[in-house]
Amino acid sequence: MDIAKYIGLYLLKNHFCYVHGLGNIELVKRSATYDGKALQPPSYEVIVTPGGSIDDNLANFIASNEQISISKAANALRDFSSQTRKEIAAGTEVAIPNIGRFAEKAGKVTFITDDNFKFTPAGIPTIKNSKQLDEQNSRLAHKPSFPPPHKADSVNWSMVILVLVLLIIVGGAIFGIYYYNSHNKTSPAPVPVVKDTVIRAPLPLPVDTLPPGKDTSTSFPPSVTQDSLQVNTYKMIIGNYNSRAKAEKRLFNLKKGGNEVDMVQKDTADFLIISSVTCRAADTTHVKDSLTRMFGFKGVMIFR
């Protein structure tokens, strides 16, 4: 299974993809430049940034093209990420066909775009505009090029009579309204004033009126936090062991595979494996499901 090929295809289609262990790979547009002699057109470049939101989109793309399960595609993608980190750490570059290659610079994963890489975004369809142009041309084709001839001295008496009748009707209606208003002048009924109803939050009860041990803070309504596009860093529990030896062994294997994890001792019988994830608050449930499938731990939760 050529994972590098699928990374390139997905990147060209969506302009970005996330590979766990390597980071967020983006296809960015560089503005046109002037070299002193000629104006150079805009160009596209591939960059790698650390972090990113964990998702299964790339794994789904690979699974659909290879006709395999998503879990098998995710395992193959994780193996490619681990092997790539090992190779670039050893000074070997890992190529993405026709796009560029991964390399390591100052201890960080970078991407070198191929000098011959050219990318042309998809054009804007004009089917609707063409249809409108055809309809406009069709209407112009059936429109007469000049008005029909008429006699200058002819008078359309039926139209004149119709206009006079309409003027009489309109004049009579105006006169009737004026006459009715002038003989039925009454003061308008006063409009009741409705005060705006202000809903206030309930005030906390006095301390001396509450039962012993009652917290006055419960008198206030809970605050509601609206979801936004702001991202936060969450520490997710991806493992729980009852001995330090087991936890340290699991920690060593995960770090060896290129995962950024830590160990936290909760108490004498709980040793937690923690992974930091950056995402929106609304995406934490999806992140928990992804971490469960990736690390095989069903008790994934946010570490508090």
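Colleague: By class, how many nonpolar, polar and charged residues are in the lining of the largest pocket?
Modeller: Keep in mind that this is a predicted model. The lining of the largest pocket is made up of 29 residues. Sorted by class, they come to 13 polar, 5 charged and 11 nonpolar residues.

Colleague: Thanks! Which residues of that lining lie nearest the centre of the largest pocket?
Modeller: The space in this pocket is about 640 Å³. Nearest its centre lie Gly 21, Pro 50, Gly 51, Arg 85 and Glu 260.

Colleague: And which element gives the largest share of the lining of the largest pocket?
Modeller: Elements that give two or more residues to the lining are β5, α3 (70-89), β8 (108-113), β10 (261-267) and β11 (270-280). The largest share is 5 residues, and it comes from β11.

Colleague: Let's turn to the sheet with β5 in it. Which are its edge strands?
Modeller: This open sheet has 3 strands, in the order β1-β2-β5, with antiparallel pairing. From one strand to the next, the twist averages 20°. An edge strand here pairs on one side only, which is the case for β1 (16-19) and β5 (43-49).

Technical notes
Residues are numbered from 1 along each chain as its sequence is written. This is a predicted model: local features need pLDDT of at least 70, side-chain atom pairs count only at pLDDT 80 or more; totals for chains, interfaces and linings use all residues. Side-chain values use heavy atoms; hydrogens and water are left out. Two strands pair if DSSP finds at least two bridges between them. Helices (H or I, at least four residues) and strands (E, at least two) are DSSP runs, numbered from the N terminus. Axes are lines fitted to C-alpha atoms, for helices over the stretch in contact, and angles run from 0 to 180 degrees between N-to-C directions. On a 1 Å grid over the protein atoms alone, a cavity is a set of points where a 1.4 Å probe fits but cannot get out, and a pocket is an open set with protein on both sides within 12 Å along at least five of seven lines; lining residues have an atom within 4 Å of a point. Grid points are joined across faces, edges and corners, and a volume is the space filled by probe spheres set on the points. Ala, Val, Leu, Ile, Met, Phe, Trp, Tyr, Cys and Pro count as nonpolar, Asp, Glu, Lys and Arg as charged, and the others, Gly among them, as polar.
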